[in-house]
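Welcome to a short tour of one protein chain. Have the model open beside you and follow along from one section to the next.

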Amino acid sequence: MSILAAIPVLLVLGLMLSLPLVLGVYVYRDANRRRMNAPLWALVAALAPAMLGVIVYLLFRGNHADLRCPRCDAPVKEQFILCPKCGTRLRATCPNCSTLVENDWKVCPRCTKSLTGVQQTIQPPVTAKDGAVWKVLVVALVIPVLLIGILVTSLTVYHSGGSSSFWEATIDEYMEDMRTEGTEAEIAIAGQVETWLNGLNPEPGNAYALRYDHATESGNESFFLVYVPGAGGQISSGMGQSSSIFGTTLTLELNGTGGEGSLFNITTSADEAPKLKVLLDGKKIPCEVTVVAFNPTLFFLEPSDS
């Protein structure tokens with residue numbers, strides 16, 4: 001796999017690793033403020049699948065409120081009477097036995113002292129607002145969406161690769177060129193191509209191809225000789241080459257013309273031999289590719305590369 005092809009995979013792996021880290025850091029800090037077992041809950045949040053650990057933590061943390069002094073914002077516990085930092089009275093007490101009482105109680109439940117008329121200026125603890133939880137949940141939802149988007153993108157074309165050339169010739173032109181102007185080797189190749197064509201049982205809506213792969217110092221060079229029944233004599237055609245994490249694809253776009261006697265010569269360079277995809281009138285058709293040990297096309301193979 002090339003470096004460019006590996007980029008989407010590395011991004012997906014990076015996001016997959018970052019999500020448990022983000023969840024673990026948030027849970028650790030929140031649990032630490034609530035005086036819970038922060039390391040344990042952070043591990044649960046980071047390692048449990050499908051955010052199950054975070055969901056369990058958010059349900060369980062309700063029993064451990066994050067209380068703050070309303071004056072100095074210092075962390076306090078529910079049973080604190082005074083703020084240990086600034087001395088603000090947080091809870092009412094019985095003036096006789098100092099038992100914690102509520103403001104609307106009439107009698108102390110411990111010493112039975114009447115509380116009617118007792119005035120105490122108190123400022124009850126407040127629950128700290130946790131705005132970070134929504135940010136974490138948004139991140140937890142956004143990252144999977146990004147993962148899906150990257151995977152979908154990586155399954156499709158992300159860059160064009162290599163170079164390619166395309167040349168249509170009638171079967172008669174092909175044979176004349178190979179046998180009249182060709183070498184002995186090319187004359188022999190023309191005979192093998194003729195045997196291949198005669199051995200086909202061509203069906204409309206199918207494509208047939210010979211492929212020859214040639215290794216070069218810079219990569220790979222592939223030669224395709226393609227026969228598509230009913231597509232000879234193209235007026236408008238197209239060809240493109242593209243790559244994804246699954247390899248390189250060479251796309252040949254043709255229109256149905258009814259012509260039977262044409263061969264499409266293609267040469268292309270890429271890091272690896274491409275897959276051939278043939279579109280006829282915009283629809284992908286089956287393509288039977290046979291790998292051969294000779295260059296079947298009219299494109300010249302440089303002797304220095306052999």
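## Charged pairs

A salt bridge here is a side-chain nitrogen of Lys or Arg within 4 Å of a carboxyl oxygen of Asp or Glu. Arg-211 and Asp-213 form such a pair, with their closest N and O atoms 2.8 Å apart. Please keep in mind that you are looking at a predicted model. Within this pair, Arg-211 counts as buried because its relative accessibility is 18%, and buried means under 20%. Asp-213, at 25% relative accessibility, counts as partly exposed.

How many salt bridges does the structure hold? There are 3 of them, and the other pairs are described next.

## Bridges across the chain

Arg-91 and Glu-102 meet through their side chains in a salt bridge, at 3.3 Å from N to O. This pair links distant parts of the chain, 11 residues apart: Arg-91 sits in the loop between β2 (75–76) and β3 (92–93), while Glu-102 sits in the loop between β4 (100–101) and β5 (126–127). Arg-91 is buried, with a relative accessible area of 18%, whereas Glu-102 is partly exposed at 36%.

A salt bridge also joins the side chains of Arg-179 and Glu-194, with an N to O distance of 2.6 Å. Arg-179 lies in helix α5 and Glu-194 in helix α6 (residues 184–199), so their pairing ties together parts that are 15 residues apart in sequence. Arg-179 is partly exposed, with a relative accessible area of 35%, and Glu-194 is partly exposed too, with 32%.

## The chain as a whole

Stepping back, the secondary structure of the protein chain comes to 6 helices and 14 strands. The chain has 306 residues, and 37% of them count as buried.

What share of the contacts with a separation of 6 or more comes from residues 24 or more positions apart? In this chain, such residues account for 65% of those contacts.

## Patches on the surface

Which residues form the negative one? Asp-172, Glu-173, Glu-176 and Glu-181 make up this negative surface patch. Asp-172 has its place in helix α5 (residues 171–180), and it counts as exposed because its relative accessibility is 63%, where exposed means over 50%.

The nonpolar patch is made by Val-138, Val-142 and Leu-146 and covers about 240 Å². Val-142 belongs to helix α4 (residues 132–155). With a relative accessible area of 39%, Val-142 is partly exposed.

## A loop between two helices

Our last stop is Ala-48, found in the loop between α2 (38–47) and α3 (52–60). Is Ala-48 buried or partly exposed? Its relative accessible area is 22%, so Ala-48 counts as partly exposed.

Setting aside neighbours within four places in sequence, Ala-48 is in contact with Leu-43 and Gly-53.

Technical notes. Residues are numbered from 1 along each chain as its sequence is written. This is a predicted model: local features need pLDDT of at least 70, side-chain atom pairs count only at pLDDT 80 or more; totals for chains, interfaces and linings use all residues. Side-chain values use heavy atoms; hydrogens and water are left out. Patches are made of residues with over 30% relative accessible area and no salt bridge: like charges are joined within 9 Å, nonpolar side chains (Val, Leu, Ile, Met, Phe, Trp, Tyr) within 5 Å. Accessible areas come from the Shrake-Rupley method with a 1.4 Å probe; for residues, only the protein chains shown count as cover. Lys and Arg count as positive and Asp and Glu as negative; His and the chain ends are not counted. The place of a charge is taken as NZ of Lys, CZ of Arg, CG of Asp or CD of Glu. Helices (H or I, at least four residues) and strands (E, at least two) are DSSP runs, numbered from the N terminus. Buried means under 20% relative accessible area, exposed over 50%, partly exposed in between (1.4 Å probe, protein chains only). Contact means heavy atoms within 4.5 Å.
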